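This briefing is organised by topic for use alongside the sequence and coordinates. Please consult the structure below before reading the points that follow.

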Amino acid sequence: MPSDEVRGRVFRALDAFVIEIPSWGFANTGTRFGKFQQAAAATNIAEKFADAGEINRLTGVTPTIALHVLWDLPNGLGDVAAIKKLESQTGVRAGSINPNLFQEADYKFGSLCNPSAEVREKAIAHMLDSVAIGNALGSAEVSVWLADGSNYPGTQSMRRRIGWLKEALQRTHAALAPQQTLLVEYKPFEPAFYHTDIADWGMALELSRSAGPQAKVLVDTGHHYLSTNIEQIVAWLLELNALGGFHFNDRKYADDDLTLGSIDPYQIFRIFHEIMAEQATHKGAKLPAFMIDQSHNLKGKMEAMVQTVSTAQELYAKASLVDHAQLTELQDGCKLVEAEELFRGAFWQDVRPLVREWREQKGLPPEPLAALRESGYVERITAERRAKNAGGVSSYA
Ligand code: RM4
Ligand code: MN
Ligand code: MN
């Protein structure tokens with residue numbers, strides 16, 4: 001039986017934990033080699049909201065859905081009214097607004113960093129539209145990921161592109177409302193294979209700082225070279241008050257977008273630990289935005305999302321078990337084995353009974369995956385959407 005102290009600690013952590021789910025996690029996606037259609041995949045924004053609402057009903061911790069402008073609001077501001085209606089129908093709110101600067105033919109050689117001033121202006125206009133959409137929806141983040149880069153040495157000026165990018169982000173920042181944060185995401189490669197304009201956290205940090213105080217860095221766990229110490233990056237960003245949010249997913253090789261914790265749950269635990277250590281020293285500090293960035297092309301989308309959210313809660317609960325005062329004492333005394341045992345001891349605890357208890361206390365299904373199965377939701381959407389999904393691919397690869 002866990003002590004009241006442990007239960008209290010875990011429950012407080014779970015009370016504070018919410019995670020955003022991505023609209024694209026419900027749509028048909030695939031790989032660059034092929035698309036595998038799922039009969040139950042969402043085919044339009046109403047279905048994405050419905051699915052997100054069901055995930056929130058089952059887990060109680062996903063109140064917002066990330067939107068990709070091109071896929072979810074193809075008419076830009078013109079779609080805001082429809083989104084608001086879906087919000088009230090499903091109880092799920094619009095979350096981060098993600099500009100899409102990587103699909104149109106004009107962006108072949110870049111968007112905000114394109115050598116053509118005309119294309120750059122078009123891309124900036126899209127950024128400003130995204131800010132306006134976010135503002136109209138009362139959403140907290142505009143989250144930018146750029147595919148910009150080049151494939152061959154000497155073919156682009158990396159230096160001049162920095163200048164263009166700074167200017168674009170400054171202009172975007174100038175349009176933000178007070179409640180909006182501009183998140184700058186980085187990724188070392190893909191789709192560009194020689195240089196990527198925002199390749200790592202140093203570049204994202206400098207760009208966000210030069211944009212203004214409402215710009216912060218977004219860490220996507222899949223966007224690092226293998227063996228990078230991501231929790232150290234998180235610690236630095238926390239220290240610099242520059243961490244805006246996360247895109248959680250897991251990977252074995254690159255930007256695989258696999259289910260969170262499926263490959264390396266200890267890494268997510270270590271990241272959560274850094275955040276909790278920060279919370280322990282700065283009581284009441286704002287938590288970064290926890291978001292999921294995954295596309296499930298083999299697993300069922302609803303099941304994968306429930307699995308992901310549950311895993312995130314379990315790892316967050318585990319991280320809350322670390323006694324920070326005790327750990328600091330052991331660290332200061334260089335008691336290596338004792339410190340390590342305390343740390344990994346928390347990771348190895350089975351917190352699932354406590355998470356179940358927490359859910360019951362909130363009137364939520366104790367086993368959301370089982371509740372999803374029992375609800376018949378997946379069977380229903382499979383029947384409803386099968387014909388529509390036989391047609392084609394609704395979303396990105
Ligand atoms: C990128 C990046 C972005 C996401 C797109 C779909 O690799 O992770 O955050 O919006 O994929
Ligand atoms: Mn991402
Ligand atoms: Mn990615």
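Predicted model: local features only at pLDDT ≥ 70, side-chain atom pairs only at ≥ 80, totals over all residues.

Glutamate 190 is found in the loop between β8 and β9.

**Backbone geometry**

- Glutamate 190 is not a glycine, yet its phi is positive, at about 80 degrees.
- The peptide bond between glutamate 190 and proline 191 is cis, with omega about 10 degrees.
- Proline 191 is placed in the loop between β8 (181–185) and β9 (195–196).
- Glutamate 190 counts as partly exposed because its relative accessibility is 34%, which falls between the limits of 20% and 50%.
- A positive phi of about 55 degrees also occurs at asparagine 241, again not a glycine; this residue lies in the loop between α8 and β11.
- Asparagine 241 has a relative accessibility of 58% and therefore counts as exposed, the threshold being over 50%.

- Histidine 223 belongs to the loop between β10 (215–220) and α8 (230–239), and aspartate 255 to the loop between β11 (243–248) and α9 (265–281), so the pair ties together parts that are 32 residues apart in sequence.
- A distance of 3.9 Å separates the manganese ion (ligand 3) from the manganese ion (ligand 2).
- Histidine 223 has a relative accessible area of 4% and is therefore buried.

**Ligand 1**

- Ligand 1 is surrounded by ten residues, of which the closest are His68, Glu185, His223, Asp255 and Asp293.
- Glutamate 185 places a polar side-chain atom 2.7 Å from an oxygen atom of ligand 1.
- For aspartate 255, the distance from a polar side-chain atom to an oxygen atom of ligand 1 is 2.9 Å.
- For histidine 247, the distance from a polar side-chain atom to an oxygen atom of ligand 1 is 3.2 Å.
- Ligand 1 taken alone exposes 290 Å², and 98% of that is buried by the protein.

**Nonpolar core**

- The largest nonpolar core contains 100 residues, and those touching the most other members are Leu67, Leu112, Leu169, Phe246, Phe248, Phe272 and Phe290.
- Helix α10 (residues 301–320) makes the greatest contribution to this core, with nine residues.
- Beyond its neighbours within four places in sequence, leucine 67 has contacts that include Trp24, Ile45, Phe49, Leu73, Ile83, Ile97 and Leu137.

**Helix α11**

- The N-terminal end of helix α11 (residues 324–332) is capped by aspartate 323, with a side-chain oxygen 3.2 Å from the backbone nitrogen of alanine 325.
- Cysteine 334 follows α11 and has a positive phi, near 50 degrees.

**Alanine 285**

- Alanine 285 is located in the loop between α9 and β12 (289–292).
- Its relative accessible area is 23%, so alanine 285 is partly exposed.
- Not counting residues up to four places away in sequence, alanine 285 touches Glu278 and Gln279.
- Alanine 285 and alanine 387 are separated by 102 residues in sequence and by 48 Å in space, C-alpha to C-alpha.

Notes: Residues numbered from 1 in each chain as written. Chains lettered and ligands numbered in written order. Heavy atoms only, no water. Donors = N, O, S within 2.8 Å, 3.2 Å for Na, K, Ca; no water. Helix = DSSP H or I, 4+ residues; strand = E, 2+ residues; numbered from the N terminus. Buried < 20%, exposed > 50% of the residue type's maximum accessible area, 1.4 Å probe, protein only. Core = buried A, V, L, I, M, F, W, Y, C linked by side-chain atoms within 4.5 Å. Contact = heavy atoms within 4.5 Å. Near = heavy atom within 4 Å. Polar contact = N/O pair within 3.5 Å; in protein donor to acceptor, adjacent residues only side chain to side chain. Areas by Shrake-Rupley, 256 points an atom, 1.4 Å probe, with all protein chains shown as cover.
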